[in-house]
Amino acid sequence: MEFIVKYWAYLLPVLIIQVVFQIIALVDLARRPREEIRGLSKPLWVVIIIIFEILGPVIYFIFGKKYDAGDKN
Amino acid sequence: MLAIKTEGLSKYFNNKKAVEDLNLQVPEGVIFGYLGPNGAGKTTTIRLLLSLAKPTKGRAYILGENISKSRNYLKKIGFLPEVPSFYNFFTAKEFLNFISDISGMVKPNKKIEEMLQLVELNKEKKRIGTYSRGMKQRLGIAQAILSDPPLLILDEPTSALDPEGRKETLDLIASFKGQKTVFFSTHILGDVEKICDMVGIIKEGRLVLNDSIENLKKSHSKRTLFIEVDKPKKLMETLQYLNWVEEMSPVNKNGIILQVKDLQFAQKSLPEILSKENILLNKWELKEPTLEDIFLEVVHNGN
Amino acid sequence: MVTKLMKKEWNEYLKTGKFYILLFVFIFFAILSPITAKFMPEFIKSLSQEITITVPPPTWRDSFVQFSKNLNQIVFIVIVLVFLGSVAEEKNHGTASLVAAKGIDRRKWVFSKFLFQILFSLAMLTIAFFLCFYYAKLLFPETQFYLAFSSTVLFAVYLFFILTLTIFSSSIGNSMLQSAGIFFAIFIILNILNIIPQVNPYNPMTLPSIENQWIASKVAWGNTIKPIISTVLLSLILIFSGAAYFHKQEL
């Protein structure tokens with residue numbers, strides 16, 4: 001805790017980048033019709049995007065959406 | 001010149017002959033229906049014509065170019081796959097923009113608007129991924145004709161559509177008559193009957209017929225008459241000795257179906273006989289063979 | 001034609017979120033690397049106050065050790081996952097046959113995808129490098145530019161190879177899964193071959209370890225010419241043979 005208080009100015013940008021990316025993913029998820037979401041339900045994707053930190057949105061954008069290229073997805 | 005000509009075109013998959021010794025001839029400017037049951041080799045033929053598959057044997061020429069020499073001929077073709085796939089992240093307009101880009105069109109915006117209007121997707125702002133099957137089919141037609149190619153190759157353009165959509169699509173294809181060559185595959189006889197000038201029938205990978213509808217009707221015309229008289233027995237007795245009558249069978253109570261050698265001769269002779277024998281004529285009908293009769297005959301007899 | 005096809009790739013990356021994936025992953029790990037280098041020893045110490053652990057004080061070199069490690073692990077995986085489907089998934093979905101039937105030169109199509117991927121990745125790497133360098137300089141004022149930059153350039157050569165292997169796998173496989181199989185099979189074989197001393201100087205897989213040697217001591221371009229040349233040659237073979245294969249393939 002003491003550590004975070006001491007260096008918050010350096011850690012903040014890292015956190016901001018991660019949160020901005022998570023917000024972009026969440027907005028994409030919210031705007032996408034349910035039938036275009038792959039694998040999991042929307043609430044589960046919200047959990048994944050949040051708990052996996054920077055990798056959450058990466059996983060969502062790579063695996064979470066149907067129909068990006070064609071029909072058989 | 002022929003728009004499409006193939007010489008002994010064949011495609012084997014392992015030991016299955018998908019297309020065997022195909023000799024297609026499609027003249028320029030006609031609407032050509034490529035008819036056959038599912039799995040007869042229609043899509044394989046189209047894939048060969050588009051260089052999406054390599055022929056095992058034989059050659060094909062499209063608009064005079066040997067298709068194995070160069071793929072430039074593809075720029076003159078508009079192609080609609082049976083199940084069209086698009087980049088689903090695009091809207092219809094963005095997709096047509098991309099197609100116009102790669103087709104080398106200059107100032108395509110007006111044309112794109114026209115096309116969107118034609119297929120009634122001009123108000124559609126959503127991504128293609130959300131489209132219904134019918135909307136995708138319409139977009140597929142738009143992308144095929146966007147750059148105004150002289151030859152259209154359409155794979156089962158009507159199969160996924162409801163009756164209304166089918167009619168619209170057929171009307172659209174028919175409207176190209178004389179301007180473009182249209183080669184389309186179908187398993188629906190009615191489609192061919194409605195709009196085609198020529199027909200090719202493929203059965204188990206082999207072309208069993210390649211002719212104009214007009215010729216077909218002429219050569220397969222059976223010259224059949226249906227008449228109804230008050231004394232059918234008496235008439236049949238008279239007719240059975242005449243050499244221009246090929247076949248004769250009674251129908252219902254007073255009807256007779258007649259097959260004659262020469263229709264015009266029969267049309268002149270029959271009234272004479274009727275008046276001489278004092279028979280009353282109640283009904284007279286010329287029976288034209290339907291395309292269905294002809295097709296069934298061709299397919300069953302293998303020409 | 002190549003620029004028109006690249007424009008479509010650019011639109012695709014924006015609209016499908018692939019753009020954000022690469023952008024955010026690159027800058028996130030660029031900034032994180034020097035920070036981890038600086039604070040991790042102190043952080044470990046702060047966790048265990050009872051036992052005294054002797055952790056050597058961090059140096060500026062550790063920033064780039066971390067940067068290199070992140071690029072070679074997590075960024076590597078993300079890049080491969082994002083790019084691996086570029087040709088294969090279009091084959092799988094049928095958009096490839098639609099584009100091919102328009103008379104597009106399929107080889108140009110593959111090149112345009114590759115060119116887009118390499119330019120995009122290099123742009124991201126450049127941004128990441130300068131961010132990482134800026135942070136390293138803040139935390140370790142004695143940070144040296146030449147060494148940091150040189151090691152990143154060496155990674156760029158390695159990245160070039162990885163991208164050609166990706167597009168090669170994608171051109172040959174008919175789905176993302178097949179392409180992944182091809183990619184990792186070749187990747188693993190090359191890593192196994194790296195054990196053999198005679199092959200070592202010509203193997204692209206040796207580049208990351210050279211990069212680490214540079215960071216630990218000093219830049220030595222002279223000794224690295226052999227692997228660089230063979231890496232570039234191998235890359236060209238991969239991209240040309242991938243494009244040639246796709247050109248002839250049935251779609």
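Q: Which residue of β10(B) stands opposite B:Leu35?
A: In this predicted model, B:Leu35 faces B:Ile201 of β10(B). B:Ile201 also stands opposite B:Leu209 in β11(B).

Q: Why do β4(B) and β10(B) count as paired strands?
A: Pairing takes at least two bridges. Four bridges join β4(B) to β10(B), so the two strands pair. They run parallel.

Q: How do you know that β10(B) and β11(B) pair, and in which sense do they run?
A: Six bridges join them, against a requirement of at least two, so they pair. Their sense is antiparallel. The two strands form a hairpin with two residues between them, and B:Glu204 in the turn has a positive phi of about 50°.

Q: What makes β4(B) and β9(B) partners?
A: Strand β4 (residues 31-35) and strand β9 (residues 181-186) of chain B share five bridges. At least two are needed, so this pair qualifies; its sense is parallel. Within it, B:Phe32 stands opposite B:Phe183 of β9(B).

Q: What is the strand order of the open sheet in chain B, and which strands are its edges?
A: The six strands follow the order β7-β8-β9-β4-β10-β11, with mixed pairing. The edge strands are β7 (77-80) and β11 (206-212) of chain B, as each pairs on one side only. Neighbouring strands are turned against each other by 15° on average, direction ignored.

Q: Which helix packs on this sheet, and which strands does it touch?
A: Helix α4 (residues 133-145) of chain B does, touching β7 and β8 (151-155) of chain B. The direction of α4 makes about 170° with that of β7(B).

Q: Why is β10 (residues 198-203) of chain B called mostly covered?
A: A residue is buried if 20 or more other C-beta atoms lie within 10 Å of its own. Five of the six residues of β10(B) are buried, so the strand is described as mostly covered.

Q: How is chain B divided, and how far apart are the C-alpha centres of its domains?
A: The division is into domain 1 (2-214) and domain 2 (222-287). Their C-alpha centres lie 48 Å apart.

Q: What is the secondary structure of chain C, and what share of its residues counts as buried?
A: Chain C has 10 helices and zero strands. Of its 251 residues, 47% count as buried. Among contacts between residues at least 6 apart in sequence, 81% join residues at least 24 apart.

Q: What does chain C bring to its contact with chain A?
A: 25 residues of chain C are in contact with 22 residues of chain A. The largest share of the chain C side, 14 residues, comes from α2(C). By residue type, that side divides into 14 nonpolar, seven polar and four charged.

Technical notes: Residues numbered from 1 in each chain as written. Chains lettered and ligands numbered in written order. Predicted model: local features only at pLDDT ≥ 70, side-chain atom pairs only at ≥ 80, totals over all residues. Axes fitted to C-alpha atoms, helices over the stretch in contact; angles between N-to-C directions. Contact = placed C-beta atoms within 7 Å. Domains from an automatic or database assignment. Nonpolar A, V, L, I, M, F, W, Y, C, P; charged D, E, K, R; others polar. Buried ≥ 20, exposed ≤ 12 C-beta atoms within 10 Å, placed from the backbone.
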